[in-house]
Amino acid sequence: MSSLEKPPHHGGIPVTSTVKWRFPAVHPEGQKFTAIAFGITLLATIISKVFFWPFLAVTVWVAAFFRDPVRTTPVGDDLIVSPADGLVTMIERVAIPRELVPELGEGARVRVSVFMSVFDVHINRSPIAGTIRQVVYISGKFLNADLDKASEENERQHFVVEGHDGRRVGFTQIAGLVARRIVAFAKTGDIVAAGQRVGLIRFGSRVDVFLPDGCAPQVALGQRAIAGETILGRYGADAAVGVAQ
């Protein structure tokens, strides 16, 4: 782990008080796509130099799509952090998906949906520290991920993470209109830290988080969430209220 991710401490206080900005790395999953795009750029340039700049712009966009920035995750057993970057588009109480019932039980939970556009970081992270109890992939359609029915009809992948205190959080990667591939980095039985990378979705999608009972949402509709950093839910707290301005 780099010093930027985990600065040295002295008596509980970080030795460094500032962090310098740096270009995010390209995740290994995206390096091959970036190389392919660059290769096409070179071939197109051989045909005509007029193609160089447009194809180079596409190559830069592909690299940017798979960017993997360092994130600083708040620590606390009462916190649930966002697993995705994007716009909070839905906060509502819904029935637990049937695929998650074996691990979460029947009933309803507050679902917070984070929509990722093609301009957002698409690396997904664990909302809590603990053990992954379930990973279930389901094939399906590729409807607009912003639609409510996408959670039941689209290609998706469910995760359930059990915290050290026994409380479980479920979240779902949902493929979107452009997305054609959901990738998992973690598997059942893996022990993960809060904010640890667990997967990605290629090219536009959504992540649903099912908050346990007693955990109130700490984001508002229309708010931007940052994976591994934004506190999505907190136990024993009141629900957050936002004002669009």
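This is a predicted model: local features need pLDDT of at least 70, side-chain atom pairs count only at pLDDT 80 or more; totals for chains, interfaces and linings use all residues.
Residues are numbered from 1 along each chain as its sequence is written. Local features require pLDDT of at least 70 and side-chain atom pairs count only at pLDDT 80 or more, whereas totals for chains, interfaces and linings use all residues; side-chain values use heavy atoms, with hydrogens and water left out.

The protein contains 4 helices and 18 strands, taken as DSSP runs numbered from the N terminus (helices: H or I, at least four residues; strands: E, at least two). Of its 245 residues, 44% are buried (relative accessible area under 20%; exposed, over 50%; partly exposed, in between; 1.4 Å probe, protein chains only). Contacts, defined by heavy atoms within 4.5 Å, were considered between residues at least 6 apart in sequence, and 70% of these join residues at least 24 apart.

Helix H1 (residues 28-47) packs with helix H2 (residues 52-65) at an angle of about 180°, their axes lying 9 Å apart. Axes are lines fitted to C-alpha atoms, for helices over the stretch in contact, and angles between N-to-C directions run from 0 to 180 degrees. H1 is therefore roughly antiparallel to H2 (angles over 145 degrees; under 35, roughly parallel; 65 to 115, roughly perpendicular; the rest, oblique). Residues of H1 in this contact include Phe33, Ala37, Ile40 and Thr41, and those of H2 include Phe52, Phe55, Leu56 and Thr59. By class, the contact of H1 with H2 comprises 10 nonpolar, 4 polar and no charged residues, where Ala, Val, Leu, Ile, Met, Phe, Trp, Tyr, Cys and Pro count as nonpolar, Asp, Glu, Lys and Arg as charged, and the others, Gly among them, as polar.

Within H2, Thr59, Val62, Ala63 and Phe65 are buried. These residues cover an arc of only 165° around the axis and therefore lie on the same side of H2, the arc being that of the directions from the helix axis to the C-beta atoms. The buried residues of H2 pack against H1 and against strands E3 (25-26), E4 (67-68) and E14 (197-201). Exposed residues Trp53 and Val60 are carried on the face of H2 turned away from its buried side.

Lys187 occupies the loop between strand E12 (182-184) and strand E13 (191-192). Lys187 is exposed, with a relative accessible area of 55%. Not counting residues up to four places away in sequence, Lys187 touches Ile132 and Val135. The C-alpha atoms of Lys187 and Gln134 are separated by 7.7 Å, although the two residues are 53 residues apart along the chain.
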